[in-house]
Amino acid sequence: MSPPKENVSLLFKLYCLTVMTLVAATYTVALRYTRTVGAELYFSTTAVCITEVIKLFLSVGILARESGSLARLITSLKENVFGSPKELLKLSVPSLVYAVQNNMAFVALSNLDAAVYQVTYQLKIPCTALCTVLMLNRTLSKLQWFSVFMLCGGVILVQWKPAQATKVQVEQNPWLGFGAITIAVLCSGFAVYFEKVLKSSDTSLWVRNIQMYLSGIVVTLVGVYMSDGAQVLEKGFFYGYTCFVWLVIFLASVGGLYTSVVVKYTDNIMKGFSAAAAIVLSTVASVVLFGLQITVTFTLGAILVCVSIYFYGLPRQDTTKIQPSETKSSKERLVAV
């Protein structure tokens with residue numbers, strides 16, 4: 001039996017999506033800055049690991065507030081976290097996916113401008129849309145499908161002749177950056193697995209987060225050992241960390257928690273489209289900080305992506321509800337008018 005639908009106001013949804021947009025834009029620009037400015041380059045794998053640790057502590061704090069007492073908090077952790085090894089194992093799957101996705105963001109932003117990254121990363125929307133249809137038994141309207149293809153066209157225009165940043169002196173490999181984004185996009189599409197886990201049970205959102213972040217810490221520590229183990233032992237876990245690196249980690253932590261909230265009360269597609277609005281903010285910041293030279297193709301591509309966001313919102317369908325198993329006739333069509 002599916003859990004009752006959460007009663008959430010439109011104002012709260014708009015608040016979550018607005019914060020997600022601001023965090024996404026600031027995070028992208030700050031991460032790009034830390035990967036292209038500074039003599040001592042930090043280990044991105046350790047940053048991803050620290051992010052998981054911070055998100056774990058924040059989730060425990062929020063769960064403690066929800067529980068109301070230390071005794072109830074301990075009981076909840078014993079029953080739902082330490083007493084549920086199967087749940088921890090199940091959530092290790094999205095933990096691994098998110099770890100790969102987060103590490104690919106560092107690789108991509110080391111080789112692509114923040115604005116170009118923001119536009120190209122929106123390929124996660126059609127990927128997520130397809131996974132949503134296949135895994136959550138949802139349908140999209142013709143206009144929604146049209147907006148998805150329009151977004152893809154916009155990304156192609158942006159990548160056709162990428163804008164150049166004149167104030168970035170480090171060596172970059174655009175093909176490596178695009179390859180990293182491609183992997184991150186595939187991982188983002190698979191994130192609907194976590195959405196299905198959240199919405200198919202009445203377990204507290206923060207309990208689910210704790211379960212996933214515990215698995216995430218283990219996964220990211222393995223990543224540190226496999227990728228940078230020798231150098232971390234030689235130079236230290238926090239080598240190259242500056243206040244801007246800590247800002248990136250903080251934004252990633254807050255963004256991760258807000259992602260969980262948005263996934264719980266809206267869906268991954270809406271989250272992806274809200275992130276697309278950060279393109280404008282990232283572009284302005286890139287022009288000021290990195291001397292980004294805006295091209296005609298970049299401008300047209302970014303406009304197409306933003307217009308696709310507007311078109312997607314026109315049907316005003318309720319995409320927050322997991323529909324029951326479809327009948328034979330409804331399975332014969334993926335597009336609902």
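Predicted model: local features only at pLDDT ≥ 70, side-chain atom pairs only at ≥ 80, totals over all residues.

Started at helix α13, residues 278–290, which is where I found V284.

Next I went inside. The largest nonpolar core has 53 residues, and the members that touch the most others are Y27, L63, F106, Y117, I181 and Y241. Helix α11 (residues 243–265) gives the largest share of this core, nine residues. Apart from it I noted another core, of twelve residues, including V158, L292, F298 and A302.

I then looked up Y117 by itself. Leaving aside neighbours within four places in sequence, Y117 is in contact with T28, A105, A108, L109 and I181.

Then on to helix α2, residues 44–67, where T46 is found. Is T46 buried or exposed? I put T46 down as buried, because its relative accessibility is 0%, and the cut-off for buried is under 20%. With neighbours within four places set aside, T46 is in contact with V224, V232, F237 and Y241.

Last entry: salt bridges. How many did I count? The count comes to one salt bridge. K55 forms a salt bridge with E52, and their closest N and O atoms are 3.0 Å apart. Both K55 and E52 lie in helix α2, three residues apart, about one turn of the helix. I checked burial for the pair too: K55 counts as buried because its relative accessibility is 7%, and E52 is buried with a relative accessible area of 7%.

Conventions. Residues numbered from 1 in each chain as written. Heavy atoms only, no water. Core = buried A, V, L, I, M, F, W, Y, C linked by side-chain atoms within 4.5 Å. Buried < 20%, exposed > 50% of the residue type's maximum accessible area, 1.4 Å probe, protein only. Helix = DSSP H or I, 4+ residues; strand = E, 2+ residues; numbered from the N terminus. Contact = heavy atoms within 4.5 Å. Salt bridge = Lys/Arg side-chain N within 4 Å of Asp/Glu carboxyl O.
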